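Below are my notes on this complex, as numbered points. Please read them beside the model.

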Amino acid sequence: MNINPKAVLAAAVLLLVGTLTTPGLAMDQMDAPETVTIDTLANLYKPVEFSHKRHAKLARCKDCHHHTTGQEDMDPNCIRCHAHSPEATTVSCKDCHTQKQFYPEQVTATADNPNLYHIDKPGLKGAYHLNCVPCHVKKNAPSNCEGCHALTDTGKQFFHLGDQAQGKANPAKAGTKDSHAR
Amino acid sequence: MKKLINRRGFLQGSLAASAAATISLAKTTEAATFEGYPDSMGVLVDLSRCVGCRSCEAACNKEQNLPAPEKPFNDFSVFDEMLHGQKRRTDETRYTIVNRYEIPGREHPLFRKIQCNHCQEPACLTSCFVNAYTKTPEGAVIYNVDVCVGCRTCMVACPFYIPAFRYSSAFSPRIMKCVFCHETRLTKGLPPACVEACPQEALTFGRRTDLVAVGKQRIRENPRAYVDHIYGEHEAGGTAWIYISPAPFEQVGFDTSVPKEPILNYVKDFLSIVPMVLTVWPALFAGFHLLATRKDKMEQQKKNEGEV
């Protein structure tokens, strides 16, 4: 049998290139959902219909997803470990940031684990707000609470909205005034 | 005839006794320095994260069943309220409040949450003569209304002006202050209501020792974002609630003149002498008096004997 050595070499190169590049390929916005309904925390506020498509045009993946989409993370503190981290199996916020935060086991277990670097990882609610709010302020997007999520009836009770004449007189003012304004 | 102590013997004895008393008392006060319960909890407040949404105020109001507020909790006009030239402060209707501070050179204002800092060695506790206050092993400084006599010394003693008095109630006046949600949450290992409500995680709940480390880590990893100081690590001898800030603490309404040691230390030395004064001094001065009047007495005695 006669095998062309050039063909073998070509095949080998192709294979090698294939295996080398595939895991290195980063996710892009085409892989992402158009909208994400953020409802796991909804209680005082109604769920958020988050237009992922719209936000993906305004920001890079890594701006919100850190290193998990395979793009290089820019935070110098993360780069120390994640400089060449490949795409993660899950990229959803709630897969890393826990819904329950500061529960007893977590408070002691994370702090006592010397191998755990992410000891200061925010919970899900903190992660959303810490990521969204600074950018919304910077880009003049709504940055008051109800600019993103409307209050539920439970929420209105919680904030004592409309349980006195004064509250009823100017709920619009209270709702729209932005604490970041100035 | 009665055996009389001579003057030298008495003075030597009394001096030795008072010296011994002072030394033994000094030893006990040194041993009484308390550095907090080892696994007590705390909260790290990151001022760079707070956006002034007042959710913590609303959560506290609900958790502690406090009276309904004058304005709803999402009315931000309260940040402009001033009373006697001062920003809002905690009172009998609110255990915690958030104030806004305009910082020169900063585009956006900073917000600061105020509540009881739950000192490691609380001045309110040490000033209270009926022991109405307790520092619990979980880290909270709690108050017992049943023994309180309403003297309000704690309000004077607190370096942070936190305890408030319910003057509005003639029949059940009492001290009103943040109790770290001790009974409802802390004893169950849960974070206080305000921490749970904070959307920005500006409040981090954990063991105080861990939180000091987390605070130092945040400053180390983002040196330009913070002032290199943790307020409450040493202030007033250390507090369970500690703060990190992007602006100098005095610009955000913190009292930076609060001493770095427990307020108690200022009176400890004086208080340790009190028992000595009460026990040694009466004996000493009674002795002086007896010695000084001995001659007169002896003369009187002689006279009496002569007359007989």
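1. How many of the residues of β1(B) are buried? Six of its six residues are, so the strand is mostly covered. Buried here means 20 or more other C-beta atoms within 10 Å of the residue's own; exposed means 12 or fewer, and partly exposed lies in between, with C-beta atoms placed from the backbone. Helices (H or I, at least four residues) and strands (E, at least two) are DSSP runs, numbered from the N terminus.

2. Some ground rules. This is a predicted model: local features need pLDDT of at least 70, side-chain atom pairs count only at pLDDT 80 or more, and totals for chains, interfaces and linings use all residues. Residues are numbered from 1 along each chain as its sequence is written, while chains are lettered from A and ligands numbered from 1 in the order in which they are written.

3. Confidence. The predictor gives the complex an ipTM of 0.77 and a pTM of 0.79. Chain B has an average pLDDT (the predictor's confidence in each residue, from 0 to 100) of 90, and 93% of its residues score at least 70. Among the elements of chain B, helix α1 (residues 7–31) has the lowest mean, 63. Strand β9 (residues 241–244) of chain B has the highest, 98.

4. The sheet in chain B. Three strands form an open sheet in the order β8-β1-β9, with mixed pairing. Two strands pair if DSSP finds at least two bridges between them. Neighbouring strands are turned by 25° against each other on average, direction ignored. Axes are lines fitted to C-alpha atoms, for helices over the stretch in contact; angles run from 0 to 180 degrees between N-to-C directions.

5. Strand β1 (residues 41–46) of chain B in detail. With β8(B), β1(B) pairs in the antiparallel sense over five bridges. In that pairing B:M41 has B:R207 as its bridge partner, and B:V43 has B:F205. With β9(B), the strand runs parallel, joined by four bridges. There B:V45 stands opposite B:Y243. B:M41, B:V43 and B:V45 point one way from β1(B), B:G42, B:L44 and B:D46 the other way, and all are buried.

6. The helix across the sheet. Helix α6 (residues 208–221) of chain B lies across β1, β8 and β9 of chain B. The helix runs at about 135° to β8(B).

7. The interface. The contact takes 29 residues from chain A and 31 residues from chain B. Contact means C-beta atoms, placed from the backbone, within 7 Å. On the side of chain A that touches chain B, α6, α7 (124–138), α10 (165–169) and α11 (171–176) of chain A each give two or more residues. The largest share, five residues, comes from α7(A). By class, this side has 13 nonpolar residues (Ala, Val, Leu, Ile, Met, Phe, Trp, Tyr, Cys and Pro), five charged (Asp, Glu, Lys and Arg) and 11 polar (the others, Gly among them).

8. Two backbone angles to check in chain A. Most residues other than glycine have a negative phi. A:H66 has a positive phi of about 50°. A:H66 lies in the loop between α3 (61–65) and α4 (76–82) of chain A, and counts as partly exposed because it has 19 C-beta neighbours inside 10 Å. Phi of A:F102 is also positive, near 65°. A:F102 is in the loop between α5 (93–96) and α6 (104–112) of chain A. A:F102 is buried, with 21 other C-beta atoms within 10 Å.

Key: Two residues are in contact if their C-beta atoms, placed from the backbone, lie within 7 Å.
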